[in-house]
Amino acid sequence: MKVGIIRCRQTEEYCPGTADFVFAAAGKGAFAEVGPSQIIGFVSCGGCPGKSVLARVNLLIERGAEVVAFASCMRKGTPLGFPCPHFDAIKRSVEQGLEKPAKLLDHTH
């Protein structure tokens, strides 16, 4: 599967996303639902409160993503221990605003 990942902009300085790539390639964690996957895009939410998420998700899908995953930093708060306070609203807006169908994963590892 081809996957696009949306990550928290605030964690970019602390997390290079390596676990996301490892879990996707191995089909582990949330990727167990879809099997081994190739990451074709890895972008941030655009900053609080996720102001660019919907546009970026739709662009990832337009460019070939069959699955869009929210990185674990957003839902689980890793590695900072602080989950995104806007996650539920962001996820709802994406579910309602997809221009083309795609599977959504609410975490990566």
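Author: A residue is called buried at under 20% relative accessible area, exposed at over 50%, and partly exposed in between, using a 1.4 Å probe and protein chains only. This is a predicted model, in which local features need pLDDT of at least 70 and side-chain atom pairs count only at pLDDT 80 or more, while totals for chains, interfaces and linings use all residues. Residues are numbered from 1 along each chain as its sequence is written, and side-chain values use heavy atoms, leaving out hydrogens and water.

Reader: Which residues of helix α4 are buried?

Author: Helices (H or I, at least four residues) and strands (E, at least two) are DSSP runs, numbered from the N terminus. In α4, residues 87-97, the buried ones are F87, I90 and V94. They line one face of the helix, because they fall within an arc of 65° seen down its axis; the arc is taken from the directions from the helix axis to the C-beta atoms.

Reader: Why do residues three or four places apart point the same way?

Author: An α-helix has 3.6 residues a turn, so such residues point the same way. On the other side of α4, D88 and Q96 are exposed.

Reader: What do the buried residues of α4 pack against?

Author: Contact means heavy atoms within 4.5 Å. The buried residues of α4 pack against α2 (53-62), β3 (67-70), α3 (72-75) and β4 (103-105).

Reader: How many bridges link β1 and β2?

Author: Two strands pair if DSSP finds at least two bridges between them. Strand β1 (residues 2-7) pairs with β2 (residues 38-44) in the parallel sense over 6 bridges, and R7 has S44 of β2 as its bridge partner.
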